[in-house]
Amino acid sequence: MTVVEASTFSSGASFLDAPTGDRTAPVCILGAPMDWATTNRAGAREGPAAIRRASRLLLDGDHPVHGTNPASLGLSDLGDVPVLIGDIAESHRRIEDAATGLAHLCTLGGDHSVALPLLRAAAKRHGPLGLVQFDAHTDTWDENFGQDLAHGTPFHHALEEGLIDPKRTIQIGIRAPMDAKLLRDTVLSRGLTILSAEDVHDAGADAVAARVIEVVGPGPTYLSFDIDALDPAFAPGTGTPEVGGLASWQARAILRRLAPVNFIGMDLVEVAPAYDHAEITALAGATMVWDYLSLQVAKLRVGA
C-alpha cells in the first residue's frame with residue numbers, strides 16, 4: 001500500500017502537527033488567546049492560531065544547525081485556554097490553572113500579560129526562576145494607563161511576588177521610550193540586566209549568549225519572547241512595534257547558543273496577525289519556538 005504524505009497546506013491545525021490533548025506529555029503546547037491587556041493595538045488573541053498555521057512550514061526536515069526534530073520530545077498540543085473576554089484577572093487564573101502541573105510548557109500568546117500566570121504556575125514547580133526576556137519593552141511598569149494588570153506590567157508583578165530572581169533576569173532588545181527614573185528605581189536598582197537592541201547589534205550573538213549564560217547560571221530558567229523584540233521590518237504584525245530592533249537571524253543565533261541554560265518553559269507572545277504581511281511575523285514566532293524545542297532535543301542528545 002502506498003502511503004501519501006499530506007502536503008504542507010493540508011497538515012493538521014496543531015503546532016508542528018503534534019498530537020493533541022495529552023497533559024502528561026513531556027512537552028506541551030498551549031494557546032493563550034487574549035489581548036484585552038494591550039495598551040496600543042489589539043489583535044494578539046489571533047496569535048496562537050496564526051503561529052500554529054505558520055508552524056506547518058517547519059515540518060519538512062530536521063533543524064539545520066542542531067540536526068534535531070522537536071517531534072522526538074513527545075509533543076502534545078493542548079489547544080487554547082478558554083479565557084474570559086474582558087476579564088484580565090479571571091483569564092489569568094484560567095491560564096495559570098491550565099499551565100499548572102505540566103512537565104514542560106511552551107505557550108503561544110496572546111498579549112504579554114499572560115507571562116504572569118505562566119510564571120506563577122512554573123514557580124510552583126521550580127521556585128524562583130531565572131528569566132531570559134526578548135522584548136522591546138521592560139514590561140516592569142507598576143501600572144499601564146491606570147490598569148494594574150496589563151501587558152506592560154507582568155514582570156513588575158513577577159518581581160513583587162518573588163516568581164523571578166532579579167539577579168538572574170536578563171532583558172534583551174530593550175529600546176522603547178521609558179521614564180529614566182522608573183527604569184533606574186524599579187529595574188536596574190534590583191539587579192536586572194538589560195541589553196539594548198544596540199548592545200546586541202554591537203556585541204554579536206556569541207557575546208550576548210555568553211552574557212545570558214553568565215547571568216542566569218545553572219538554575220531553572222524561563223524564556224519569554226515578545227515578538228516585538230524583532231524590528232518591525234521582520235515582525236510588523238504586533239501591537240506595539242518599535243524601530244531599531246533585532247533581526248530574525250540575530251534572535252535565532254542567540255537562542256541557538258543557549259544550550260547551557262536550564263530552560264523549564266517558554267512563551268511566545270504579541271503576534272497580532274491583522275497587522276502582519278505574508279505571515280512573516282507568525283512564521284518568525286513559530287520559528288523561535290521551533291528553535292527552542294530543537295535546542296531542547298539537542299541538549300538531551302548530549303546529556304546537557
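Start your tour by selecting Asp139, which counts as buried, since its relative accessibility is 3% and buried means under 20%. This model is predicted, so treat each stop as a place to look at in a prediction. Asp139 sits in the loop between strand S4 (129-134) and helix H4 (154-160). Check its backbone too: phi is positive there, about 55°, although Asp139 is not a glycine.

Next, select Asp17. It also has a positive phi without being a glycine, this time of about 60°. You will find Asp17 in the segment before strand S1 (27-32). Is Asp17 buried, partly exposed or exposed? With a relative accessible area of 40%, Asp17 is partly exposed.

Now zoom out to the whole protein. Colour by secondary structure and you can pick out nine helices and eight strands. The radius of gyration is 18 Å, close to the 19 Å that the globule rule gives for 304 residues, so the protein is as compact as a globular protein of that length. Along the principal axes, the C-alpha atoms fill a box of roughly 70 × 40 × 40 Å. Of the 304 residues, 58% count as buried.

Go inside next. Select Phe134, Phe225 and Leu293: these have the most contacts inside the largest nonpolar core, which has 53 residues. Helix H9 (residues 280-302) gives the largest share of this core, 10 residues. Apart from this core lies another, of 36 residues, including Leu119, Ala121, Leu149 and Leu192. In soluble globular proteins, nonpolar side chains tend to be buried together.

Stay with Phe225 for a moment. What is Phe225 in contact with, leaving aside its neighbours within four places in sequence? Show Phe134, Leu230, Ala251, Leu255, Asp267, Leu268, Val269 and Met288, and you have the list.

Move on to Arg52, in helix H1 (residues 47-54). Arg52 counts as buried, at 7% relative accessibility. Beyond neighbours within four places in sequence, its contacts include Ala13, Ser14, Phe15, Asp77 and Asp80.

For a backbone detail, select Gly109 and Gly110. The peptide bond from Gly109 to Gly110 is cis, with omega near 15°. Gly110 belongs to the loop between strand S3 (105-109) and helix H3 (115-126).

Finish by showing the surface. The accessible surface comes to about 12,100 Å², and 55% of it belongs to carbon and sulfur atoms. Colour the charges as well: there are 23 positive and 38 negative side chains, and the centres of the two sets lie 4 Å apart.

Methods: Residues numbered from 1 in each chain as written. Predicted model: local features only at pLDDT ≥ 70, side-chain atom pairs only at ≥ 80, totals over all residues. Heavy atoms only, no water. Helix = DSSP H or I, 4+ residues; strand = E, 2+ residues; numbered from the N terminus. Rg over C-alpha atoms; globule rule 2.2 N^0.38 Å. Buried < 20%, exposed > 50% of the residue type's maximum accessible area, 1.4 Å probe, protein only. Areas by Shrake-Rupley, 256 points an atom, 1.4 Å probe, with all protein chains shown as cover. Lys, Arg positive; Asp, Glu negative; His and termini not counted. Charge placed at Lys NZ, Arg CZ, Asp CG, Glu CD. Core = buried A, V, L, I, M, F, W, Y, C linked by side-chain atoms within 4.5 Å. Contact = heavy atoms within 4.5 Å.
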